[in-house]
Amino acid sequence: MTIQTLRCFREIAERGSMARSAAVLGVSQPYLSKTMKSLEKELGTTLFVREGRHLTLSRSGSLFYPYVCTILSAAEDAGRALRKSLEAHARLTVTTLNMARLLPDFLAEFSIRHPDIDYTLKNFRSVDTVAPESDCLIHASREALQKFPASEPLFEEECLIGMSVRHPLAARDILTVEDLAGEQFLMLRRDNTLGELTRDYLNSLGLGTRAPAICDSQVMLATLVSENMGLAIFPGRTWTINQRRFTLKRLKGHRLSRTIYLSMPDKTPREETLVFCREFKDFCRRLPEET
C-alpha cells in the first residue's frame, strides 16, 4: 500500500467514477482499476459497489475512507514541513523547451524581484522524459496537455525554414514548395516535439522525411545547418540564431506554427510555483507581436 494507491482510492471515493478519477490523476483507467483490485486484495475486502455507471463506497470502503484522508493530509503536511525546513531558499524545477531567446531576460527580472527563490532548469524533450520533481513545464506538446490538465497557452510562434547564408536559396525572400524539391532536411529525434512537428509538416508538403542527419541536440542541428549540411525547421520566437551564419525563410502558402504552453504537473502547486507561473505569463503577454 503506497501513498499513490491511497490517492487513487480517495479520488474514486470522492468522484464516484473511474474515468473521471483517472483523468484527474493523469493515469489510464486500466491502471487505476488494477490498482484498486490490488488494494482490495491486500485488504481482503471490497471497497466499492457499482450502481450503474456510478461507484459508491462499500461498508468497508466507508470505514477505510476517513483514515485514508487523515494519512494523506498528514503526508502532505509532512512534505511541506520538510521542504520548508531543508531549504532557506525555495527551489523550483522548471522543465522547458529551448527558449534561449526569451527565458534569460525573464529569469534576470524574476531573480531581482524574488532573490529567495532559486531554480533548476531541465530540458523538455517529450512528455515521457519529464522529471518527476518538475514544478512547471514550458512546452509545445499535445501529449503534455492530456497528461497535465492544468495547462494554459502562452503564445503562438511561427516556425520557419532555416538555411546557411551560403545556400543558393538564401537570396530568396519567400520560398515555394517547388524550391524545396530535392533539398535535404536535418531533423531532431522523433521523440522531440519539434522533430515530430517537422516530420508532419514535410509529409503534408509531399517532401518526405528522409534525413541525412538526425540530431539529439538543438545546438548541433543549428551548427549543421550553418555549415550548409541541409535545411531545418526553426522556431521563430524562442530560439536564438546566428544571423551571420544562417537565415530563416517563410514558405509561401504553407504557414507552420506551434503554440507554447505552461503546465503545472502538481495538483496542489507550491506558492513559489504559482508566483513563477503568474509572472512568466505576464512576461509573455508583454512580448511584441511577431513580424
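Q: Leaving aside neighbours within four places in sequence, which residues is Thr247 in contact with?
A: Thr247 touches Ile161, Gly162, Met163, Val165 and Ala170, where contact means heavy atoms within 4.5 Å.

Q: What kind of model is this?
A: This is a predicted model, in which local features need pLDDT of at least 70 and side-chain atom pairs count only at pLDDT 80 or more, while totals for chains, interfaces and linings use all residues. Residues are numbered from 1 along each chain as its sequence is written, and side-chain values use heavy atoms, with hydrogens and water left out.

Q: Where is Thr247 found?
A: In strand β11. Strands (E, at least two residues) and helices (H or I, at least four) are DSSP runs, numbered from the N terminus.

Q: Switching to the largest nonpolar core: which residues touch the most other members?
A: Ile161, Leu180, Phe185, Ile233 and Leu251, out of 30 residues in that core. A nonpolar core is a set of buried Ala, Val, Leu, Ile, Met, Phe, Trp, Tyr and Cys residues joined through side-chain atoms within 4.5 Å; buried means under 20% relative accessible area, exposed over 50%, and partly exposed in between (1.4 Å probe, protein chains only).

Q: Which element gives the largest share of this core?
A: α7, with 4 residues.

Q: And what is Leu180 in contact with, neighbours within four places aside?
A: Ile161, Leu169, Leu175, Phe185, Leu207, Leu231 and Leu251. Another core, of 25 residues, lies apart from this one and includes Phe110, Ile117, Ile138 and Val275.

Q: New topic. Where does Ser141 lie?
A: In the loop between β5 (136-139) and α6 (142-147).

Q: Buried or exposed?
A: Ser141 is buried, at a relative accessible area of 1%.

Q: What does the side chain of Ser141 reach?
A: The backbone nitrogen of Ala144, at 3.1 Å. Beyond four places in sequence, Ser141 is in contact with Phe124, Val127 and Thr193.

Q: Last one: which residues line the largest cavity?
A: Leu97, Asn98, Phe124, Asn192, Thr193, Leu194, Gln218, Trp239 and Arg258. On a 1 Å grid over the protein atoms alone, a cavity is a set of points where a 1.4 Å probe fits but cannot get out, and lining residues have an atom within 4 Å of a point.

Q: What volume does the largest cavity have?
A: About 50 Å³, volume being the space filled by probe spheres set on the points, which are joined across faces, edges and corners.

Terms used. On a 1 Å grid over the protein atoms alone, a cavity is a set of points where a 1.4 Å probe fits but cannot get out, and a pocket is an open set with protein on both sides within 12 Å along at least five of seven lines; lining residues have an atom within 4 Å of a point. A polar contact is a pair of N or O atoms within 3.5 Å; within protein, one must be able to donate a hydrogen and the other to accept it, and residues adjacent in sequence count only if both atoms are side-chain atoms.
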